Amino acid sequence: MKSKYIVLPLLITIFGSVVGFVSGGGSSKPIRRDIVVKARQYSYEPDRFEVNHGDTLHIRLVSLDVMHGFYLEGYDLDAEIPANLKTFKIRHPSEGFNWKDTSEIVIIANKRGKFRYRCSHTCGTMHPFMQGEMLVNPNILFNAGLGATVGFALGMLGMIYFRTKKSRT
Amino acid sequence: MYIYDDKIEKQPSVEIKLPEQEHSFNKHDLLKKSPLLKRILKARSFQFLVILPNLLVFYVIIIAGLIGTPVGNRNIAIVFIWILWWFLLIAIMVPFASRIWCTVCPLPFFGELFQRMALIMVRIGKTFNLRNKMFGFNLKWPKFLSNIWIQNIGFLTLCTFSAVLVTRPFVTSVVLGTMLLLGTLLAIVWRQRVFCSYVCPVSGFLSLYSMASTMELRSGDKDVCKKCKDKGCIRGNEDGWACPWFEYIGNMERNNYCGLCMECVKSCKNDNIALNVRPFASETKIKSLDESFKGFIMLALAMAYSVILLGTNGTVKDWANASESGLWGGFFIYAGILWSSALIIVPGVFYLFSYLSKRMSGVDSVTVREIFKGFSYILVPLGLLAWIAFSFPLMFINGSYIISVISDPLGWGWNLFGTADFKWQPLLPEYLGYVQLILLVVGLGYAISRGYFVSFRLYKTDKAALMGLIPMAGFALLVTMAFLIFFIG
Ligand code: SF4
Ligand code: SF4
Ligand code: SF4
Ligand SMILES: [Cu+2]
C-alpha cells in the first residue's frame with residue numbers, strides 16, 4: 001500500500017521541476033561585459049553579479065588592501081591579486097600551479113547557474129568565508145529545484161490524502 | 001523524593017496505543033546481530049578506552065589554540081573543531097548514531113572521574129538511593145533549571161559570537177577549556193552529569209536532533225523492565241554505574257537525554273538492552289516548550305550562518321566580526337536581529353501557522369499552544385537537514401586545510417607528515433548546490449510525512465489531521481524555499 005502512492009509526489013515533483021525549468025526564461029543575445037571586481041577584507045565588490053549564458057566576460061581584479069585570491073568555481077580559474085596593482089596572476093587549477101601574469105580574465109559564460117568566487121589566499125581572520133557570486137542566467141538548478149520542491153510538498157500532501165482515504169473506507 | 005523514584009513511579013501501567021503510532025517502525029537490534037559489539041559495549045573499560053584518544057587530541061587542540069598561530073585555517077584548533085569535528089557531528093554522528101559523540105566526549109571526563117574515583121571499575125555502596133558509592137557533594141539540581149533553557153540561551157550566546165569563535169584559535173581554546181572546567185566543577189557540586197543534561201551548549205541540539213537519528217538505545221522488552229526488581233540500569237549495581245543521565249530506560253521513549261554511555265548495557269541483569277537501527281525520524285514527540293524553542297533557535301541560526309558565513313555581503317560579515325572591524329553598532333544590530341528572530345519572530349510566525357492549523361482542522365478541543373508544541377517537531381528533520389546542507393560547503397570547500405594542518409598543527413612551519421604545503425583546494429564546489437537541494441527536499445519530506453503523525457495525535461481523525469497539516473506543510477515549504485534562495489538562488 002505504501003509504495004503505490006509514492007508515485008504521486010514523484011510525478012508532481014518532476015512536473016514542478018519541468019515547469020520551473022521552462023519558465024526560467026529563454027536565451028538572450030550574448031554580449032560582452034566588462035566587470036571590475038574589487039577585493040577587500042572580507043568581501044568582493046560587486047559581491048554578486050549577473051550575466052547571461054553565452055556572454056563574454058572581461059574581468060579585471062584589484063585588491064584594495066592585502067593580497068587576495070579569486071577562485072571561480074566551475075570555470076577552472078584561480079587568481080592571486082596583489083594589493084593595489086593593475087596586474088595579477090591567474091592559473092587553471094586543473095593544470096596545477098602554473099601561474100601567469102595578466103591584467104584581464106576573459107571567459108565565456110558557457111555554464112548556467114550560480115558560481116561562487118572565493119578568496120584562495122589567506123588574507124585574515126574571516127578569509128575562509130570571503131566569497132562572491134556570479135549568476136549565469138538562466139539559473140536552471142534554482143528554477144527547476146524550486147518547482148520540484150513545491151511539487152514535492154503538494155505531492156506529499158496528496159499521497160497522505162490518498163493513503164488515509166483508503167484506510168477510511 | 002529523588003528523581004530516580006519519580007521516573008520509576010511515572011512508568012505507565014496501561015499503554016495507550018494510537019492507530020498510527022511511530023512505534024510501528026521496523027527496528028533491528030544490533031546487539032543481537034553482533035555478539036562482538038555486545039562484548040565490546042559490555043566491557044567495563046569501553047568508555048574509558050574510547051574517551052582516552054579524544055582526550056589526548058583535545059589536549060593538543062587546546063594547547064594549539066593557546067600557543068599556535070592566530071591564523072584560523074592554519075591552526076589545528078580551528079580546522080579540527082570547526083571543519084572536521086563539526087561536519088562529522090552534524091552530518092554523520094547525529095543523523096545516524098544519535099548521541100554517539102557523548103559516548104566519546106572528553107568534556108565530562110574529569111568530573112566523572114572525580115565522582116567515581118575510578119576509571120574503569122564500579123564502586124558499590126550507597127549514595128541517596130543508588131547502589132553506587134559516589135564522591136562529591138551530590139547536590140540535587142534545582143527543579144526550575146531541569147530543562148534545556150540554559151543550553152538554549154548558552155548556545156545562542158556562543159553562536160552570536162560565532163564569527164569570532166570559529167576564526168580565532170585562542171577563543172576556541174578558551175571556550176573549550178571553560179566548558180571542561182565547568183563540567184568538572186559542576187560534577188563536584190551536583191550529582192552525576194548535570195553539566196551534560198542541563199548546561200552543555202552542544203547538548204541542546206544533540207538532544208533535539210538525535211530524535212531523528214537512525215539509531216536508538218532502548219530496553220528490549222518493556223514488560224521485563226516492569227517486573228524487574230534489580231533496576232540496575234537506574235540504581236546501579238556491581239556491574240555498572242547508575243545511569244549518569246537520570247534516564248530510566250524502562251520507560252525511555254526518546255533519544256534526547258540518553259548519552260549512550262552504555263552503563264545500562266553492563267548493569268542490566270536481564271540482558272534487556274537493545275541498540276536498535278530504525279528508520280530516520282522515528283520519534284516525533286516534543287515534550288515541552290524549551291525543546292520547541294531549541295528548534296527555533298537552531299533554525300534561525302542556520303539561516304543567520306547561511307547569510308553571514310556562506311553569504312557574500314561584506315557589511316554583515318564586518319558586523320558579526322566586530323572585534324576586528326570595530327563596528328560594534330552593527331554588531332548589536334546583527335545580534336538583535338538574531339535573538340529576536342530566534343526567540344520572537346520565527347516562533348511568532350509559527351504560532352500564526354499553528355492557529356491556522358487549528359482553524360483548518362476544525363477541531364476546537366486542542367489549544368493553539370498544544371498545536372504549536374506538537375508541530376514544532378517538524379523543525380527537527382527540517383532543521384537537521386538544513387544544518388547538514390549548510391555544513392557540506394564547510395567540509396568540501398575548506399576540508400583541504402585538514403591535510404595541511406595535520407603536518408603543521410600549530411602553524412609554525414613544521415612538516416610532520418610532508419603534507420604541510422598541501423594547497424587549499426575546494427572539492428567539487430560547483431556540485432554542492434545539487435547536494436544541498438536534495439538534502440533540503442529530504443528534510444521537507446520528513447517534516448511533512450512525520451508532521452502527519454503529529455497532526456493525527458493532535459486532531460484524532462484522518463480528515464482533521466490532513467487539514468491541520470496543510471498550514472504546517474506550508475511553513476516547512478517556506479523555510480525550505482528560503483534555504484534554496486540562500487544556497488542556489
Ligand atoms: S552533553 Fe556535552 S559535555 Fe556532555 S558528553 Fe555530550 S557533548 Fe560532551
Ligand atoms: S535493569 Fe534491565 S530489565 Fe531491569 S529495569 Fe533496567 S533495563 Fe529493565
Ligand atoms: S540510558 Fe543512561 S545508562 Fe543507558 S546508555 Fe543511556 S545514558 Fe547511559
Ligand atoms: Cu581574502
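Which side chains meet in a salt bridge at 3.8 Å, N to O, in chain B? They are those of B:Asp223 and B:Lys226, a salt bridge being a side-chain nitrogen of Lys or Arg within 4 Å of a carboxyl oxygen of Asp or Glu.

This is a predicted model, in which local features need pLDDT of at least 70 and side-chain atom pairs count only at pLDDT 80 or more, while totals for chains, interfaces and linings use all residues. Residues are numbered from 1 along each chain as its sequence is written, chains are lettered from A and ligands numbered from 1 in the order in which they are written, and side-chain values use heavy atoms, without hydrogens and water.

**Salt bridges**

Over all chains, the search of the whole structure finds 26 salt bridges. Several pairs are listed here.

| Pair | N to O distance |
|---|---|
| A:Asp34 and A:Arg32 | 2.8 Å |
| A:Arg33 and A:Asp55 | 2.5 Å |
| A:Arg40 and B:Asp318 | 3.1 Å |

A:Arg33 belongs to strand S1 (residues 32-40) of chain A and A:Asp55 to the loop between strands S3 (48-52) and S4 (56-63), so this pair ties together parts that are 22 residues apart in sequence. Strands (E, at least two residues) and helices (H or I, at least four) are DSSP runs numbered from the N terminus. A:Asp55 is buried at 0% relative accessible area, whereas A:Arg33 is partly exposed at 23%; buried means under 20%, exposed over 50% and partly exposed in between (1.4 Å probe, protein chains only).

A:Cys119 is buried at 2% relative accessibility, and A:Met130 is buried at 1%.

**Interface of chains A and B**

In chain A, 43 residues are in contact (heavy atoms within 4.5 Å) with 52 residues of chain B. The two chains bury about 4,100 Å² between them, 67% of it on carbon and sulfur atoms; buried area is the accessible area (1.4 Å probe) that two parts lose on being put together, summed over both. A:Met126, A:Phe129 and A:Leu141 supply 16% of the area that chain A buries against chain B, more than any other three residues.
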